[in-house]
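Subject: Handover of the two-chain model

Dear colleague,

I am passing this structure on to you, together with my notes on what was found in it. Please read the notes with the structure open beside them.

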Amino acid sequence: MIPHEREMARKYAGKPFTLLGINSDQSRSALKSTMEKEKITWPNIWGGPASSNAIARAWEVTGWPTLFVLDHEGIVRHKNLRGAALEKAIEELIAKVPAKPAASSQPTSETSEGN
Amino acid sequence: MMLGAAWILLTAAAPLRAADELGPLVDSYDAAVRAFVESSGKAGGAIDLTKHPANETLPQVQAYAETHAGTPQAMPALVWMLKNARNAAGIPTGGKVAVKWAVDRLARDHLGDPAIKDALALMRYLSFQLGHEHLMNIYQAVTERNQDRAVQAQAWLYIAQTHFVLGAGGEGASRDGQTPRQQAKAILKSLIKDYAGTPAAEEAASLIKTTQGTGIGMEAPDIVGPDADGKEIRMSQFHGQVVLLHFWGFW
């Protein structure tokens, strides 16, 4: 799995795209050594061991790995796509991101939808 | 049809017997229900709703509501009908016509009455009988016509809940590209903000928490946690970008 993630991180570098890992290793130090060994450069959150990983529970993740694709508005668009279908879905969503000057990783303000 | 004829007679005769006060009528009904339940228990537990006291009281309460139509006095009678008409199984239509009548009266005469609060709470449970669309129109009208802030907030809460119900059943048209769930959430968020301090806003806040989920088409809840070095990361930092969320681990 990881080689494909690494490839996508490289392929979409500079695009409005982020790979975010939610890791279930036994400890933060285990994650740290895995990241070094596997050359993982994208952000990862350590959520705790699988049996007690609250983030996985909130997302109803019961198998690993599990992948979700979120669009630029934070709406969940796809779950568990793999390979070429995953890349196609990501590219379609990237194409829908409105162009803006230098996409900042830090939002200036929480935009609320309201009604 | 004999029963049908009896119903017509009852409704026709009812206005003549409209009680001067609702209180004693309702009190004697409550006493009759207790006696009815007790005697049903003695008779072996089976409750025969065709003999339920509601069959007798419903036309009287309806007559009272009719006599006081358009005044605040009608309200408690209409609320009583929403609550109790279903027990009147001896009346053909099982009280359904009476319920619909009461809801029509509420929508016609009482949208601006703060006391519509109790009726709104009961109407929610009649959605399968009355239809979601019909109820939504009433809630909407309450938000526009009622001056009471808490009542407006309550109506918005029920509108949001109805969107959730429609979304869960896969019904409900998307509007402005939003799914019913997204519409519901947008309404809840505005409700929490615009009606802060009302009971409905508090309920909305707890509702929005329990409906955080991860289904396709839903707004993702934020994720917060430490990275490998213990530094906090939030998924919302990446808002505005496409995010591939990768749950993984070696263990």
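In the predicted model, A:V69 stands opposite B:L244, a residue of β3(B), and the strands concerned, β3 of chain A (residues 66–70) and β3(B), pair in the antiparallel sense over 5 bridges.

Some conventions apply throughout: residues are numbered from 1 along each chain as its sequence is written, and chains are lettered from A and ligands numbered from 1 in the order in which they are written. Since this is a predicted model, local features need pLDDT of at least 70 and side-chain atom pairs count only at pLDDT 80 or more, whereas totals for chains, interfaces and linings use all residues, and side-chain values use heavy atoms, with hydrogens and water left out.

As for the interface as a whole, 64 residues of chain A and 41 residues of chain B take part in the contact, which means heavy atoms within 4.5 Å. The two chains bury about 4700 Å² between them, with 62% of that on carbon and sulfur atoms; buried area is the accessible area (1.4 Å probe) that two parts lose on being put together, summed over both. On the side of chain B, the residues that lose the most area to chain A are B:L244, B:F247 and B:W248, which together account for 20% of what that side buries.

Between chain B and chain A there are 18 residue pairs in polar contact, both residues at pLDDT 80 or more; such a contact is a pair of N or O atoms within 3.5 Å, where within protein one must be able to donate a hydrogen and the other to accept it, and residues adjacent in sequence count only if both atoms are side-chain atoms. The side of chain B that touches chain A draws two or more residues from each of α10 (180–194), β1 (224–226) and β3 (242–248) of chain B, and the largest share, 7 residues, comes from β3(B).

The rule finds 1 salt bridge across this interface, a salt bridge being a side-chain nitrogen of Lys or Arg within 4 Å of a carboxyl oxygen of Asp or Glu. B:D229 forms a salt bridge with A:K32, and their closest N and O atoms are 2.6 Å apart.

Within chain A, β3(A) also pairs with β4 (residues 76–79), in the antiparallel sense over 3 bridges, and A:F68 has A:K79 as its bridge partner in β4(A). These two strands form a hairpin with 5 residues between them, and A:G74 in the turn has a positive phi of about 80°.

On confidence, the predictor gives the complex an ipTM of 0.86 and a pTM of 0.55. Mean pLDDT, the predictor's confidence in each residue from 0 to 100, is 84 for chain B, with 84% of its residues at 70 or more. Residues 1–16 of chain B, however, stay under 50.

Best regards

Key
Helix = DSSP H or I, 4+ residues; strand = E, 2+ residues; numbered from the N terminus. Pairing = 2+ DSSP bridges.
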